[in-house]
Amino acid sequence: CELKEKKEKGDDGDWKEKKINKAILSPPIFLEFAHRAPIYPIHTRHIHALRPRPSPLAPPPSLPQQIMTATSRPPGMHPLDSFEHLSVKYHDSIPFVTVVSLNRPEKRNAINAKMWKEIGQAFRQLGTIGDACRCIVLRGNGKGFCGGIDITDEKFFSGISGDDDSYDLARKSLAFRPQILEMQAAFSAVEECHVPVVAAIHGACVGAGIDLVCCADVRVCSPSAKFSIREVRLGLAADVGTLQRLPKLVGHSSRVRELCLTGEDFMADEAERIGFVSRVSKRDDSLFDTTNDIISKITKNSPVAVSVTKSSLNYSRDNSVADGLKHIALQNSAALMTDDLVKSFMAGSGSAEGVDFNPLMQHSCL
C-alpha cells in the first residue's frame, strides 16, 4: 500500500488534506511524504516494505525468540558470555547493543595470552549470530581500561626464548612469526566486526590497550584517562596495529611520531585535540552517559546502512578514492534493495515514529 494525500471538505467547510491508503502497483511510483518532503522515487520492489511483514527467520535454538523483536531487549545471559577474561552482556537499557568488558580488574585488565585469543573469538562472532546486535561498547572493568600486555605471561615470549640451540635464528624467526600474525588478527577482528564498536576508555590505556582501541570505530574517554604508546620504553616496537593505524586516525604526524618514539604519556584533553578520541565526558562518572548518547543514535539507523557505511569507511581508508567509489557502488547496488530505505524516508518526513527495522540475519557457515 502507498500513503497518498487527498483533499476532503471538513465539518467547518474548509478543505483539508487527509492521508489515505491506496494500492498502487505501476512502476515507478513516487511517494510525496507529508510536510512537503522532497519527492523520492520508489520502485515496485520497495512497495512490499509498506505491507505488514511476516516474522523474520527464527534465531538459533540457543537464543531466545524475544531478541528478534525491535521493541524489547534480549533477556537473560548473552550466548557469548562464556569467556574467562571477557564479559559479554546485553546493554541494560538500550536495545540492540552488546557490551564487551575486559575483565581482569585485579591486573588492571592487562592482556594475557588467553584474553588475547578471547578478544578475537568474541569479535569474530559478534554481529553474526542473529541476536539483533547493531552496536558494541568496548570497555574495561575496574580502575582502568587496559594496562597493556601482561609481561608475566610466559606464553607471549616462549617462541623467542632461545633455549633450544639446535635451531638457528632464521628457523626460530619463521616459527615465531605466526604468533605475531595471530595476535594482529585478534585485534583486527574488532576493526572487521560487522557492526560499529565504540570504545569507552577510563583510567590507564597503554601499550596493547592503544593497539586495541585503534581498531574501534569511535573512541570516547573520561577526563582522567591517560594514554601511552609504551612499547618503545619496554625495548620493542609496537607490532599489532598502533604504528599502522594511529597515523591514519590522527592528522598530526609530528606529534604521533613523537608519542611513538618517546613512549610518553598523553592525557584526555590532548587525545581529543589531536582527534584520537571524539569526545571527553564532563566527569569521570558520566563516561557511559556520553557513550550511551552515541550508541543510541547509531542503533536508531538502519542496520544495513550502518554496516555498509562502516565497511566503506574501512576500505576507503586503505585504498584510493577511485577504488573506494567503486567499492561503495558495488556495496550499494545490493544494499539499496533493502526495505529500510522506505522506512527511513517515512521516518525522516514525520510519517513514522520509532521505525522497526528488521534485524540482520545470522551468518551462514559450514
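Predicted model: local features only at pLDDT ≥ 70, side-chain atom pairs only at ≥ 80, totals over all residues.

Trainee: What is the strand order of the open sheet, and what is its pairing?

Mentor: The six strands follow the order β5-β6-β7-β8-β10-β13, and the pairing is mixed.

Trainee: Why do β5 and β13 stand at the edges?

Mentor: β5 (86-90) and β13 (279-280) each have a single partner strand, so one side of each is left without a neighbour in the sheet.

Trainee: What makes β5 and β6 a pair?

Mentor: Pairing requires at least two bridges. β5 and β6 (residues 97-102) have five, in the antiparallel sense, and therefore they count as paired strands. As one example, V88 has V100 in β6 as its bridge partner.

Trainee: Which strands does helix α2 touch?

Mentor: Helix α2 (residues 113-125) packs on the sheet and touches β5, β6, β7 (135-140) and β8 (197-201). Contact here means heavy atoms within 4.5 Å. The direction of α2 makes about 25 degrees with that of β5.

Trainee: What is the volume of the second largest pocket, and which residues are closest to its centre?

Mentor: The volume is about 580 Å³. Of its 28 lining residues, I149, I151, F157, L234 and L236 are the closest to the centre.

Trainee: Which element gives the most to that lining?

Mentor: α3 does, with four residues. The lining of this pocket comprises 17 nonpolar, five polar and six charged residues.

Terms used
Residues numbered from 1 in each chain as written. Heavy atoms only, no water. Helix = DSSP H or I, 4+ residues; strand = E, 2+ residues; numbered from the N terminus. Axes fitted to C-alpha atoms, helices over the stretch in contact; angles between N-to-C directions. 1 Å grid on protein atoms, 1.4 Å probe; cavity = no way out; pocket = protein on both sides within 12 Å on 5 of 7 lines; lining within 4 Å. Points joined across faces, edges and corners; volume = space filled by probe spheres on them. Nonpolar A, V, L, I, M, F, W, Y, C, P; charged D, E, K, R; others polar.
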